[in-house]
Amino acid sequence: MVIRSSDVKVEKVLSMRGGKGEVEMTHLLSKEIMHNKARLFAKMKLSPGSSVGLHKHEGEFEIYYILSGEGVFHDNGKDVPIKAGDVCFTDSGESHSIENTGDTDLEFLAVIILL
């Protein structure tokens with residue numbers, strides 16, 4: 001199966017999870033295509049100063065793969081600088097957020113897997 005870039009849904013979300021600014025979310029695969037084993041597979045883009053607010057995962061885990069830019073990953077109360085090539089993992093029962101602290105867009109892949 002090949003899904004063309006012209007066929008994916010692009011969504012712009014203001015104040016995502018209580019965060020700052022706007023997040024552009026490109027939904028790469030639907031839950032149905034992933035046999036309802038994953039809730040999200042998307043490319044996320046945060047402009048400078050934008051963030052996804054702090055939130056907790058229950059019964060699922062989330063992975064971010066940083067494609068470009070730089071920022072801060074808030075990992076259960078600890079702030080960790082991130083850049084392209086880094087992987088961020090949030091397990092079930094844990095909380096996280098992400099913020100673009102750089103001068104260019106912060107782009108990353110986000111995957112939420114159901115337990």
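**Entry 1: two loop residues**

I looked up Asn 76 and found it in the loop between strand 6 (70-75) and strand 7 (78-83); strands here are DSSP runs of E with at least two residues, numbered from the N terminus. Before going on I noted that this is a predicted model, in which local features need pLDDT of at least 70 and side-chain atom pairs count only at pLDDT 80 or more, while totals for chains, interfaces and linings use all residues. I also noted that residues are numbered from 1 along each chain as its sequence is written, and that side-chain values use heavy atoms, with hydrogens and water left out.

Asn 76 has a positive phi of about 55°, although it is not a glycine. I put Asn 76 down as partly exposed, because its relative accessibility is 42%; buried means under 20% relative accessible area, exposed means over 50%, and partly exposed lies in between (1.4 Å probe, protein chains only).

I then turned to Ser 15, which sits in the loop between strand 1 (9-14) and strand 2. Its phi is near 50°, again a positive value in a residue other than glycine. Ser 15 has a relative accessible area of 42%, so I listed it as partly exposed.

**Entry 2: strand 5 and its partners**

Which strands pair with strand 5? I found that strand 5 (residues 60-68) pairs with strand 10 (residues 106-114) in the antiparallel sense, over eight bridges; two strands pair if DSSP finds at least two bridges between them. Across this pairing, Ile 66 stands opposite Phe 108 in strand 10.

Strand 5 is also joined to strand 8 (residues 87-90), by four bridges, and these two run antiparallel. Here I traced Glu 62 to its bridge partner in strand 8, Thr 90.

**Entry 3: Glu 99**

Is Glu 99 buried or exposed? Glu 99 is buried, because its relative accessible area is 18%. I located it in strand 9 (residues 95-100).

The side chain of Glu 99 makes a polar contact of 2.7 Å with the side chain of Lys 20. A polar contact is a pair of N or O atoms within 3.5 Å; within protein, one must be able to donate a hydrogen and the other to accept it, and residues adjacent in sequence count only if both atoms are side-chain atoms. Leaving aside neighbours within four places in sequence, I listed the residues in contact (heavy atoms within 4.5 Å) with Glu 99, among them Lys 20, Ser 50, Ser 51, Glu 70 and His 74.

**Entry 4: salt bridges**

How many salt bridges are there? I read off six, counting a side-chain nitrogen of Lys or Arg within 4 Å of a carboxyl oxygen of Asp or Glu.

Lys 45 and Glu 24 form one of these through their side chains, at 3.7 Å from N to O. Lys 45 lies in strand 3 and Glu 24 in strand 2, so this pair ties together parts that are 21 residues apart in sequence. I noted Lys 45 as partly exposed, because its relative accessibility is 26%. Lys 12, Glu 24 and Lys 45 are linked in a network of salt bridges.

The side chains of Arg 39 and Glu 60 also meet in a salt bridge, at 2.7 Å from N to O. Arg 39 is in strand 3 and Glu 60 in strand 5, so the pair ties together parts that are 21 residues apart in sequence. Arg 39 is partly exposed, with a relative accessible area of 33%, whereas Glu 60 is buried, with 8%.

I found a further salt bridge between the side chains of Glu 58 and Lys 56, at 3.4 Å from N to O. Lys 56 is partly exposed, because its relative accessibility is 49%.

**Entry 5: Leu 115**

I placed Leu 115 in the segment after strand 10. Leu 115 counts as exposed, because its relative accessibility is 68%. Not counting residues up to four places away in sequence, Leu 115 touches Gly 59, Glu 60, Phe 61 and Ser 92.
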